[in-house]
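Please keep in mind while reading that the model is predicted.

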Amino acid sequence: MYSKVVTFFISFLIWILLCFSVDWQHILVGLLVSLIVAVMMGDMFTSYPKKWFEPRRYWWFLYYLLVFAWECMKSNIDVACRVLHPRLPINPGIVKVKTMLKTEPGLTFLANFITLTPGTFSVDIDQENGYLYIHWIDVKTEDIEKASKIIVSRFERILKEVFE
């Protein structure tokens, strides 16, 4: 029940920040939408709702967004160069990478941000064993440890601070 209450208030706060209006219509719709989200997804969204009140997690998430923006820009340039190269230098394949993240939100964020970074695509998550299967546009190594260091390590340690 506590997680649903926290989810309601966080959803409503995000609604107010996104619509940036204090009209009674916006507030009413925000309350209704937040209530629906809390009832339907409150238990799925967080296992430890008290963690939402730790300010350092928000600072780590802002830092994470900056790291992601940088990595995304580098990957966009890399993929653009591959597309514009006359011989299209790619070596596609699916690699298995190891992650130390255990929580479902942490793994979901990691998989989503890997997918959002051009040149990589999350195919599957093995939560029990801590593996992700990633389609990589240019497989540099098939070794799990080396591939994990190249693909996952840049996001993983920051997401550990945010979600675990």
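## The nonpolar core

The largest nonpolar core has 24 residues, and among its members Val95, Val97, Leu110 and Ile151 touch the most others. Several elements contribute to this core, with at least two residues coming from each of α3 (55-84), β1 (93-98), α4 (104-116), β3 (131-136), α5 (144-151) and α6 (153-163). In general, nonpolar side chains in soluble globular proteins tend to be buried together.

Ile151 shows how such contacts reach across the sequence: when its neighbours within four places are left aside, Ile151 is in contact with Val95, Val97, Ile114, Ile134 and Trp136.

## The buried face of α6

Within helix α6, the buried residues are Phe155, Glu156, Ile158, Leu159, Val162 and Phe163. As a general point, an α-helix has 3.6 residues a turn, so residues three or four places apart point the same way. The buried residues of α6 pack against α3, β1, α4 and α5.

Which elements does the salt bridge between Glu161 and Arg56 tie together? The two side chains meet with an N to O distance of 2.9 Å, and because Glu161 belongs to helix α6 and Arg56 to helix α3, the pair links parts that are 105 residues apart in sequence.

Arg82 forms a salt bridge with Asp138, in which the closest N and O atoms are 3.0 Å apart. Since Arg82 lies in helix α3 and Asp138 in the loop between β3 and α5, this pair ties together parts that are 56 residues apart in sequence. Both Arg82 and Asp138 are buried.

Asp138 also meets Lys140 in a salt bridge, with 3.6 Å from N to O. Through shared partners, salt bridges join Asp78, Arg82, Asp138 and Lys140 into one network.

The count of salt bridges in the model comes to 6, including the pairs Glu161 with Arg56, Arg82 with Asp138, and Asp138 with Lys140. In general terms, side chains of opposite charge can pair when their charged atoms come close.

How values were computed
Residues numbered from 1 in each chain as written. Predicted model: local features only at pLDDT ≥ 70, side-chain atom pairs only at ≥ 80, totals over all residues. Heavy atoms only, no water. Core = buried A, V, L, I, M, F, W, Y, C linked by side-chain atoms within 4.5 Å. Buried < 20%, exposed > 50% of the residue type's maximum accessible area, 1.4 Å probe, protein only. Helix = DSSP H or I, 4+ residues; strand = E, 2+ residues; numbered from the N terminus. Contact = heavy atoms within 4.5 Å. Salt bridge = Lys/Arg side-chain N within 4 Å of Asp/Glu carboxyl O.
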